[in-house]
Structures are given as structure tokens and as C-alpha cells.
Amino acid sequence: MNPAAIENLRMSDDFVQPYSKGAFWLSALALLCCFSMTTSQALLPVVMSEYGIAQASVGYAMSTTGISVLIFGVVSGLFISRFGALAGVVLGTAIMLVAHLSFGLVVPSEWSVTASRFLHGIGAGMGLPAAMAFATAMLQGKNATAYFGIFTSMIAGANLIGPPLGEWYLSTYGADGYFLVTAIPGAASLVIFLGLLFRFGSRQLSQKLHIHYFALLKRRDLHLPFIGLLVIGSFWGYVISFISVAFAERGLAVSLFFIPMTCGLFFGRFVGLRLARSYSNNAVGLTAVVLTAAALFTTSTLSGKPVSMIAGAVFGLGYSLAYQTLGMWISIAVS
């Protein structure tokens, strides 16, 4: 067997047939595009303020997404088990695209923003678990964890595209057409996922779902990581909903926070977690929560570009460490 054939065989061992390396990278690109559209909504309070809607009101409306994400995250598991992960990804992406476009198609009001964000949460709740399940179904072998890390990093990487793109368009052309332009990555994502669906079809998951959420909530050994995730999730909700409001009031570009934050997320995921392996989950989780809290406290008390950038990087590092550590803590405990 020639060297090229051996190399192809070695690479194919990383992917479950009929999937391939090309399909993996296409799906990763589609995920990046989808969340690049989503992250541009960080400027939603600023955009809607040009239509006369109070920025704080839009921030509160944005927080309603968490409700629909929570509800339809459960529904997603049932949908995936019946129709397949890729079908769930397509459905979720389509809903998010419609929700994003609706910001520009419906007469702006507090109620319309709330409804659109709730709809967006439905799409995210359906699509994100399905995307993770699809990635898991594609991968196998010793490199599966590395590939999965790359795939999930596309979500964080979208912060390098969405907010800067939105900020550039808003400063150059104003609010008119904002949601149509920022929806372009989402439309590209839907096209790619539809192509993958037509190529591979809708494959049901072979395993059965056994969901015992209430039983897990009663376990005392999981209370601490659950509380940690609740705290860190509330911090993330503040960043998504209100950081643009705080920065706009101070005349600062929101990308000053989001770009360093994304760098911090990547550093925490690929370097920080390795350095933290020798410490207990309690110590790492507590340190991470303190870092994120300190970053947000700094942005509320101090101002300036250097402070914003440092706070963003520290928040990204703390969030990455907290989310991964607490998530693994729970996963190991329930396995």
C-alpha cells in the first residue's frame, strides 16, 4: 500500500462512516457562520435605541431567550432521537435565521423584540444540542476529543466575527438593513447544513434517551456544580444582554470586550484547563467564578480601552474554565 493510501486510511479512522474530514469542516464552518449571526445581536440594544426603544428594555427582552432555550433544549433531545441530529440542526438554524430577520421585518417595539428573542431561543435550544450530537456521531478514535474541541470552539470564535461586523455596519450605514446584512452568515449556515442533510440523510440516534432531570436535581453531590453553572450562566446572560448598553453609554466599542473575551475563551479551553488539571474541581470552579465576577465588577467601576480589553480577556478565561470544569464535574458524576 502506497504512503498516500495509508495516510487516507489513518485519517478515515477519525470519522464514522459515511462521514469524512470534509463533512466535519463544513459542519464546523456552518456552526461558525450561524453563531456569527447570533453574536451580532450583542448590539441589539444599540440598534433598537435608534428606533426609540430604551436600551435597558431591550436588554431585559434579550434575557427571555434563556427561558425558551431551557424549554426547547429538553424538546431537542426527543426530536433528535426520532428524526436525527442533523435534522435538528437544520430546524434550529432555520428558526434562528427567521428570528434574526424578524427584528428588521416587524415594526420595532419592546414586545416584538421580546417575541423575536424568545423565538431565537427556541431555535438555539433545538439546534445547539443537535449540533453537538451530530459532531459526536461523526467522530471516533483517539482524535475525537480534539476534533470535538475544534467544533465547539466555533461558537466562541463567532464572537470575533459577529460583534465587529455589526459594529462596522452600524457605524458605517446605520441601523437600516442591519439585520439583513448580519443574517448573511446565518443564511450561509442554513445552506451548508441543508446540503449535509441531503448528502447524509436524517439518521436517528441508536441509543435510547433516559432523562431523569428531577432525580439529578435531588442529588446533593451535584448541588455545588449546579449552583456554579447557574452563577456563571447569569454572568454570561449579563454580557449578552447588557454589556453593549454599558459600553454604549461610555462611548466604547463593544468589540473591545468581545474580541479579548474570545481570546480568553480559547486560552482557557486549550491551555488553562491543562494547567488546572492538578487542582480540585472546587478550587478551579471557585477561582473561575471569582475571575468572571471580578471582570464584570471592573467594567462597572472603571472605564477606558485597556481596562475593557483586560476585563474581556479575564472574563473569557474565567468563563471557559468554569463552564468546562463544572460541566465535566457533572458529567463524570452522572456517568
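**A tour of rings and a nonpolar patch**

Start by selecting Phe103, Trp168, Tyr169, Tyr173, Tyr178 and Phe179: ring pairs link these residues into a cluster. Keep in mind as you look around that this is a predicted model.

Now colour the aromatic residues throughout. The structure holds 23 aromatic pairs. For one of them, select Phe24 and Phe151, whose rings are tilted, with 6.2 Å centre to centre and 45° between the planes. Show the helices as well: Phe24 lies in helix α2 (residues 21-39) and Phe151 in helix α8 (residues 144-157), so this pair ties together parts that are 127 residues apart in sequence.

Next, go to Phe257 and Phe315. They too form a tilted aromatic pair, at 5.9 Å centre to centre and with 50° between the planes. Here the link runs between distant parts of the chain, from Phe257 in helix α14 (residues 255-275) to Phe315 in helix α16 (residues 305-334), 58 residues apart.

Keep the surface on for the last stop, and select Ile67, Leu70, Ile71, Val75 and Phe118. Together they make a nonpolar surface patch of about 440 Å². Which helix gives the most to this patch? That is helix α5 (residues 65-83), with four residues. Finish by zooming in on Ile67, which is found in helix α5. Ile67 has a relative accessible area of 48%, so this residue counts as partly exposed.

Notes. Residues are numbered from 1 along each chain as its sequence is written. This is a predicted model: local features need pLDDT of at least 70, side-chain atom pairs count only at pLDDT 80 or more; totals for chains, interfaces and linings use all residues. Side-chain values use heavy atoms; hydrogens and water are left out. Patches are made of residues with over 30% relative accessible area and no salt bridge: like charges are joined within 9 Å, nonpolar side chains (Val, Leu, Ile, Met, Phe, Trp, Tyr) within 5 Å. Accessible areas come from the Shrake-Rupley method with a 1.4 Å probe; for residues, only the protein chains shown count as cover. A salt bridge is a side-chain nitrogen of Lys or Arg within 4 Å of a carboxyl oxygen of Asp or Glu. Helices (H or I, at least four residues) and strands (E, at least two) are DSSP runs, numbered from the N terminus. Buried means under 20% relative accessible area, exposed over 50%, partly exposed in between (1.4 Å probe, protein chains only). Rings of Phe, Tyr and Trp (its six-membered ring) pair if their centres lie within 6.5 Å; planes under 30 degrees apart count as stacked, over 60 as edge-to-face and the rest as tilted.
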